[in-house]
Amino acid sequence: MVQKYQSPVRVYKYPFELVMAAYERRFPKCPQMPIVLDCEVIEDEVLEGGCRRETKRRCKLAVDAPYLFKKLIGLDFVFFIQHNSLDMRARTLNIEATNETFASRIEIFERCRYYAHPDNPSWTCFDQSATLDIKNFFGFEHSMEKMGMKQYTQTTLKGKEIIEYFIGQLKQEGITHVPRWASIDANDAEVADDDIKLQTGSSMLKKEDSASLDDEYISKNLGEMTPLQESKLVELEALLKEKNEYQTPDHQMICRFLRARDFNVEKSYQMLQDSLKWRQDNDIDHILQLYKAPPVVTKHFPGGWHHRDKDGRPLYVLRLGHMDVKGLLKSIGEDGLLRLTLHICEEGLQLMRDSTKELEKPVSNWCLLVDLEGLSMRHLWRPGVKALLNIIETVEKNYPETMGRVLIVRAPRVFPILWTLISTFIDENTRSKFLFYGGQNCLHPDDGLERYLPSEIIPDFLGGPSTTLIHEGGLVPKSLYRSAMESGGSGEETAPHPHQDMYKSVDLRANQFFELVIKNDDPKSVLTWDFDVLNVDVYFTVFRTIETICQTGDLYTSVFDGSNLEEGKTYFKEEPTLLCRHRESVQGSHVMTTVGTYILQWTCSPSTDKVAHLMYHYEILSSANYKGSMTSLQSGFSALSVASSCQSR
């Protein structure tokens with residue numbers, strides 16, 4: 001069995017030369033590691049005028065095992081061979097160690113590396129890995145594996161403490177700097193850097209650009225980070241420079257992806273690699289310069305940037321309740337809405353950088369204020385919800401840890417339905433940042449918006465003094481739709497709308513019926529519908545029956561024309577009949593509280609000589625996915641059926 005161990009990258013905020021001076025003090029014995037009994041130098045060769053040094057040691061280690069186990073194997077200590085390769089010019093020390101004792105039964109191989117920080121030459125990095133291959137050990141393979149893991153973990157944790165201890169010892173002796181190596185005939189450019197001084201907490205930097213990871217740069221640009229997190233940042237950046245085919249992103253972006261994956265370097269690298277490829281494939285780096293909002297967006301999209309919150313975050317205001325989701329999607333399509341969203345995200349990144357520079361403190365995310373006044377069932381248009389979920393998924397993958405706080409104001413009763421739909425697709429950490437204000441009065445310094453927003457920037461539509469440049473939204477004229485659903489449109493050839501294939505159509509003449517028979521075996525599942533009416537008004541009704549019925553296929557005959565069906569006894573009207581006018585779009589839903597058969601019925605007006613054109617789509621949502629919001633869903637539809645159709649014209 002082979003076990004592999006990998007320690008995180010550690011960062012010492014001291015120059016490489018000083019760390020090497022501390023490292024040499026670990027031999028031949030180290031008080032902090034009593035397991036090391038002795039280290040004998042068996043080979044030591046200095047090469048290239050002192051630039052390189054090859055050292056081999058035979059180290060005697062105490063067996064850290066229970067007394068009985070040591071008696072069984074007949075050993076109190078073991079020997080390891082350690083080979084050190086020091087390159088002072090390259091500022092690296094490579095260490096390889098293998099076991100000499102029981103080498104035929106166990107293979108232990110450890111590799112360690114000290115090297116100068118790639119961005120800050122006054123810091124030193126350390127990484128460590130090991131493999132344990134137990135071939136045969138008297139039946140104690142599992143016990144040896146556990147002891148190997150324990151031993152490796154203990155030495156890994158102690159390693160940094162030991163270097164810090166000896167650096168402190170050097171400081172007490174007055175050794176605060178060690179010159180860099182230089183050849184005897186070196187020119188001025190190769191002269192040792194004697195100005196690298198040991199300082200409290202960090203070292204002086206040779207380079208002073210913004211990419212240097214000193215304490216001041218971190219505090220002003222990245223925020224509070226532990227030494228372990230700093231080491232992860234260094235490790236991921238080095239990995240990107242070594243393996244990534246794309247341009248290495250800045251530290252702020254790397255930090256966001258690290259935080260999104262709990263500072264797991266491997267997972268962060270994969271997520272960031274995928275995002276960088278996505279950015280290149282979609283030319284995201286130039287979207288701020290190239291994107292031009294279509295007229296329908298400038299006139300009907302109710303969102304925009306508006307000052308900053310109390311923490312300095314850029315504030316984006318979205319009046320979702322005033323948005324015609326269906327109209328926007330049918331005008332610019334899902335791709336257009338996604339492109340608009342990505343442009344907003346890139347604007348947010350730029351505003352965050354501006355805030356960081358102006359406020360001289362890290363601003364790594366923005367604040368979102370969502371006004372839900374006017375939210376109704378028309379916003380739950382299924383293709384629109386699906387488009388929204390796809391956009392959320394794209395943003396979550398490529399802009400992680402950019403949402404600092406979400407303020408939801410004036411949420412109506414129908415909101416729990418929408419929240420149930422989308423919340424499962426939002427990262428748990430992001431969901432925890434949502435704050436809800438259901439009532440009209442959300443302006444309170446203790447538990448309202450003024451707790452997070454300066455009072456002078458509260459938008460006027462919420463009762464504040466600040467006028468916004470955000471459009472009111474409103475319904476998108478059908479003349480702006482990407483393709484007209486009726487003849488006699490603009491006359492221009494346009495591409496079919498991406499949602500068009502979701503809908504079916506039927507023509508109805510006077511006194512004709514069109515009925516959909518839906519059998520329900522899932523109590524409290526949700527029946528949703530969306531349809532458009534053209535040319536002639538039609539009546540729409542939802543029925544339920546306890547009888548077994550089938551569609552007739554005859555448009556002049558209703559399924560209720562059978563002699564055994566009687567309204568109020570064997571079938572029931574579940575929703576009031578709705579008159580749907582020419583060019584209206586109607587969305588709605590109904591909780592199917594019982595098992596049975598439900599019928600959606602459309603009837604053409606008897607006094608017309610025109611043909612009504614109906615385009616429709618329906619869907620059944622499982623009760624398991626919407627448990628907990630059934631009351632809000634039911635009450636929301638019953639009150640908003642008519643309003644929905646009027647607002648969606």
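The following legends describe close-up views of a predicted model.

**View A. Alternating side chains along strand S6 (residues 92-99).** Leu93, Ile95, Ala97 and Asn99 are buried and point to one face of the strand.

**View B. Antiparallel pairing of S6 with strand S5 (residues 77-87).** The two strands are joined over 8 bridges, and Leu86 has Leu93 of S6 as its bridge partner. The hairpin of S5 and S6 has 4 residues between the strands, and Arg91 adopts a positive phi near 60 degrees.

**View C. Antiparallel pairing of S6 with strand S7 (residues 106-116).** Here the pairing extends over 7 bridges; Ala97 has Glu110 of S7 as its bridge partner. In this hairpin 6 residues lie between the strands, and Phe102 in the turn has a positive phi of about 55 degrees.

**View D. Salt bridge between the side chains of Glu346 and Arg279.** The N to O distance is 3.0 Å. Glu346 belongs to helix H10 (residues 325-359) and Arg279 to helix H7 (residues 265-281), 67 residues apart. Glu346 is buried, at 6% relative accessible area, and Arg279 is likewise buried, at 9%.

**View E. Salt bridge between Arg308 and Glu358.** The closest N and O atoms are 2.8 Å apart. Because Arg308 lies in strand S9 (residues 303-308) and Glu358 in helix H10, the pair ties together parts that are 50 residues apart in sequence. Arg308 is partly exposed, with a relative accessibility of 24%, whereas Glu358 is exposed, at 56%.

Notes. Residues numbered from 1 in each chain as written. Predicted model: local features only at pLDDT ≥ 70, side-chain atom pairs only at ≥ 80, totals over all residues. Heavy atoms only, no water. Buried < 20%, exposed > 50% of the residue type's maximum accessible area, 1.4 Å probe, protein only. Pairing = 2+ DSSP bridges. Salt bridge = Lys/Arg side-chain N within 4 Å of Asp/Glu carboxyl O.
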